[in-house]
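Here is a protein to read through, question by question. Each answer sets a value beside the rule that gives it its name.

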Amino acid sequence: MKLRINLTNVPRCSKAGCTHRALMHRHHTSHQWMWVRAFAIRRSKEKKYRSFVKAYGRFNQKDIVLLCPGHHGEIHELYDDIITRAIYSHHVPLECFSWRQANRLMSSLRSRYLKWKDIETNISNPPTERLEPWGDI
Ligand SMILES: [Zn+2]
Ligand SMILES: [Zn+2]
């Protein structure tokens with residue numbers, strides 16, 4: 001008897017060219033978790049914060065993608081660079097950002113993900129990409 005394994009239903013990493021098929025991570029493309037932590041002090045004061053946390057916890061399909069651990073680490077390294085530049089540009093820590101500034105940073109992170117995911121890479125040999133310069137947010 002031949003053993004057939006159907007790979008069509010196995011979760012796939014969303015990074016182009018990645019062949020990993022197991023142990024996928026759920027990744028929020030706008031890095032919402034960062035604001036859940038950074039804005040935690042607003043919990044009792046802001047309804048907006050509470051609904052943001054609820055939306056994060058829903059793991060809505062439009063907010064998340066699957067990534068293998070290696071690519072999950074890679075995209076977060078790219079995010080860290082963008083986040084650091086945003087903090088320098090505003091001269092305040094993340095918890096002091098306005099919602100408007102937070103939303104702009106989230107959309108920058110999401111755009112970075114959308115560009116990155118289509119670049120075909122080999123996990124053992126990630127390309128050195130030049131980052132887009134951080135705009136004035
Ligand atoms: Zn992530
Ligand atoms: Zn991958």
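Q: Which residues have the most contacts inside the largest nonpolar core?
A: In this predicted model, the largest nonpolar core has 14 residues, and those with the most contacts inside it are Leu67, Ile75, Ala102, Leu105 and Leu109. Two or more residues of this core come from each of strand 2 (64-67), helix 3 (69-90) and helix 4 (99-117), and helix 4 gives the most, with 4 residues. In soluble globular proteins, nonpolar side chains tend to be buried together.

Q: With which residues is Ile75 in contact, leaving aside its neighbours within four places in sequence?
A: Once those neighbours are left aside, Ile75 is in contact with His27, Leu67, Tyr113 and Trp116.

Q: Why is His31 called buried?
A: His31 has 22 other C-beta atoms within 10 Å, and the name applies from 20 or more, so His31 counts as buried. His31 is placed in the loop between strand 1 and helix 1 (32-38), and it has a positive phi of about 55° although it is not a glycine.

Q: Why is Phe59 called exposed?
A: Phe59 has 10 other C-beta atoms within 10 Å, and a residue is exposed at 12 or fewer, so Phe59 falls under that name. Phe59 lies in the loop between helix 2 (47-57) and strand 2, and its phi, near 50°, is a positive value in a residue other than glycine.

Q: What makes Arg21 exposed?
A: The count for Arg21 is 12 other C-beta atoms within 10 Å, and because the limit is 12 or fewer, Arg21 is still exposed. Arg21 is found in the segment before strand 1 (25-28), and its C-alpha atom is separated by 9.6 Å from that of Leu67, which is 46 residues apart from it along the chain.

Q: What pattern does the protein follow along the sequence?
A: Its secondary structure comes to 4 helices and 2 strands, and read along the sequence these follow the pattern β-α-α-β-α-α. Of the contacts with a separation of 6 or more, 79% are between residues 24 or more positions apart, while buried residues make up 16% of the 137 residues.

Q: Where does pLDDT stay under 50?
A: It stays under 50 over residues 125-137, for which the model has 16 contacts beyond four places in sequence. For the protein, the mean pLDDT is 86, and 81% of its residues reach 70 or more.

How values were computed. Residues numbered from 1 in each chain as written. Chains lettered and ligands numbered in written order. Predicted model: local features only at pLDDT ≥ 70, side-chain atom pairs only at ≥ 80, totals over all residues. pLDDT = per-residue confidence, 0-100. Contact = placed C-beta atoms within 7 Å. Core = buried A, V, L, I, M, F, W, Y, C linked by C-beta atoms within 7 Å.
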